[in-house]
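Biologist: I have a new model open and would like to learn how to read it. Could you walk me through it?

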Amino acid sequence: RTEQIKMSMEAMLGMTSGLQELEALDPENRGNVYREMGRFKQAAECFKEALQSQPEDSDIWTSLGEVLLDDECIEDALEAVSKAIELDPKTSEGYKIKGQAMQKSGNHEEAISAYSKAIEFNPSDLMAYEGKINSLKTLSQTP
């Protein structure tokens, strides 16, 4: 029993230490950690915080769009990736996420267009090819 209590206390101390380390990160990196943990709302808040000091950073806008999409906030995700694309018209990741959002909303023509742009700027992005193929299949099966 004493050993169990000791292990629990060590685990709690480790968690506390981990939380302190997490809070010490800059907002963008903290957002990335939260995204990896599946805590999309917290990740989005971190990316929004990062954008307050770096509003012209297309990568942060893209990351925000990605977590919003993961959280099923399709319209908000589209707004974020549209801003990323406005800031960096050659952002393959932004176009890919736009394609995913369009796909989720059922707009497969726009999804294909976005995936095509992603592929144009990053021909080795297999997920963009997969998304484009899936939208093409869906369109070909629609009467």
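Modeller: Let's start with a definition: helices (H or I, at least four residues) and strands (E, at least two) are DSSP runs, numbered from the N terminus. Here the chain has 8 helices and 0 strands, and along the sequence the pattern reads α-α-α-α-α-α-α-α. This is a predicted model, where local features need pLDDT of at least 70, side-chain atom pairs count only at pLDDT 80 or more, and totals for chains, interfaces and linings use all residues. Residues are numbered from 1 along each chain as its sequence is written, and side-chain values use heavy atoms, leaving out hydrogens and water.

Biologist: What is the mean pLDDT of the chain?

Modeller: pLDDT is the predictor's confidence in each residue, from 0 to 100. The chain's mean is 87, with 83% of its residues at 70 or more. Over residues 5–13 the pLDDT is below 50, and beyond near neighbours in sequence this stretch has 0 contacts (heavy atoms within 4.5 Å) in the model. Where pLDDT is low, the predicted coordinates should not be read in detail.

Biologist: Where does Glu75 sit?

Modeller: Glu75 lies in helix 5, which covers residues 74–87. From Glu75 to Ser105 you count 30 residues in sequence, with 8.9 Å between their C-alpha atoms in space.
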